[in-house]
Amino acid sequence: MTPGYELPGTDESYWMATSEHPVFPALEADRTADVVVVGGGVAGLSTAWELARAGRGVVVLEADRVAAGVTGHTTAKLTAAHGLVYERLRRTRGPEGAARYAASQQAAVERAESVAAELGIACDLERASAFTFTTDPGRRAEFEAEAEAAAAAGLDAAYVRETELPFPVAAAVRVDRQAQFHPRRYLLGLASDLRARGGVIHERTRVTGLGEGSPCRVTTESGLTVAARDVVVATHVPVFDRALLFARMSPRRELVVAAPLAAEDAPEHMYITDEGGKRSVRTAPLDGDRRLLIVTGEDFTPGTGDTRERFRRLDAWMRDHFPAGPTAYRWAAQDNDVSDGVPLIGPFHPGARHVYVATGFGGWGMSGGVMAGQLLTAVLTGDAPAWAGLYDPRRLRSTVREGTRLLARQAEVARHFVGDRVMGSRADSAEEVAPGTGAVVRDGARHLAVYRDAEGRTHSLSARCTHLGCLVAFNQAETSWECPCHGSRFGVDGRVLQGPAVRPLPPAE
């Protein structure tokens, strides 16, 4: 870490800072519905709205605030251009599979634009091209193949060697007719219309149990239940382990910095590269003469490494490449990559008849979440689209094909589960923990998560993640405890910030 370096900007998502904050009441009594949707992010609200529009009675249960979790901290690109995905899909799923992926994702882009226009949602939705680029001349053949595969899949794609970026690129894939928007304003517009259609939203209502039957019943941490014919689990990572979907996914966290930029210097389009720990660039409207430059990158597994140093590198990269003003905002987002690279949307497990899931969007949750709403509504109303099988969580062929990735992922989990214990404490005693920092401390046979606040008071918790028992690690930049195994995150008071865990870290002396 650079000595004396202070983190730049306000520790807040731009989307959260520039949108309204309506309050929806917590669940206070048992109730019934046609469908209960667990999770109030882009996938959950899109699904709930589509179902209400189709005439279903819907209840949404959100553990915290709607559109405030992963969705409220995204980069908010609304695109079918998901990096170098189409050549791989053509190899693993065939030309038809790649075409169905492209068609479903592009349909989501068009759907979001048409819904925003229909409902009159002022969400700064702008059409733009999406570029995936490299600065390495040795990768040109790879990018030519990707451009050809994307075009063959039906996208308006082309291979190019020049862009508007203020630095040279060696090659890029350009996909036209994409979009970027303000995701929270869009989803709050959906939430408002959902309620006008008779839908119900409950915030601060964490779901902890699921009973599959006729009807299904979801149970909240307060003991209240919602009975419904169908259940949709859209909680980013499924909070129920019966399908073991978390074993097919790898958690990934990435950082975001944003700064004002003169409109004349702002890129018109969206850009991404997998080089240097990933770099993603887009802008958003700010005022007449300026735009907000939004740069994302520094991918890492939650609970590993120095997040402050990663923020420093990302901010430095932005300043090295763009004439931006002072950094205004910084935040972090989290997502999950599925072993075969395709989201899991459909029946929760092989025996499921009325329980569905939407997860594993791999960093592309805006188009994926909108698409999930269309797909699940079509399935529940008996008109499944041609691409439903591509996303079906019960698929086995791709799981076998991706066996190497699955084994590597489970080996990584085992390394943390066993190795973190063998390595011992991160601090020998609570007295070694400096103010404003946290560390895992061994206390006999126990591992404690110890945080010392700015006043010097210590806050001790069990360091075992309440999901499956891996040891958490402290993220100083975000003042949180994170599990490197499956991505659960906790506050310094133990409360759950992000699943799959549903129970807080218990206090410990």
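Author: Let's start with what covers helix α6: the list for its buried residues includes β12 (249–262), β14 (279–287), β15 (290–300), β16 (329–338) and β22 (473–475). One caveat is that this is a predicted model, where local features need pLDDT of at least 70, side-chain atom pairs count only at pLDDT 80 or more, and totals for chains, interfaces and linings use all residues. Residues are numbered from 1 along each chain as its sequence is written, and side-chain values use heavy atoms, with hydrogens and water left out.

Reader: Which residues of α6 are buried?

Author: T307, R308, E309, R310, F311, L314, D315, W317 and M318. Buried means under 20% relative accessible area (1.4 Å probe, protein chains only), with exposed over 50% and partly exposed in between.

Reader: How do you know that the span of helix α6 agrees with its 15 residues?

Author: The expected span is 1.5 Å times one less than the number of residues. For residues 307–321 that gives 21 Å, and the end C-alpha atoms are 21 Å apart, so the two agree. Helices here are DSSP runs of H or I with at least four residues, and strands are runs of E with at least two, numbered from the N terminus.

Reader: What makes D306 a cap for α6?

Author: A side-chain oxygen of D306 lies 3.0 Å from the backbone nitrogen of R308, at the N-terminal end of the helix. A polar contact is a pair of N or O atoms within 3.5 Å; within protein, one must be able to donate a hydrogen and the other to accept it, and residues adjacent in sequence count only if both atoms are side-chain atoms.

Reader: Why is T134 called buried?

Author: T134 sits in strand β5, and its relative accessible area is 0%, so the label holds. Its side chain also reaches the backbone nitrogen of D136 at 3.0 Å. Contact means heavy atoms within 4.5 Å, and T134 touches residues including R139, F143, V169 and T273, not counting those up to four places away in sequence.

Reader: And why is E482 called buried?

Author: E482 has a relative accessible area of 1%, so E482 is buried. It belongs to strand β23 (residues 480–482). The side chain of E482 reaches the backbone nitrogen of G303 at 2.7 Å. Leaving aside neighbours within four places in sequence, its contacts include R253, F300, P302 and R489.
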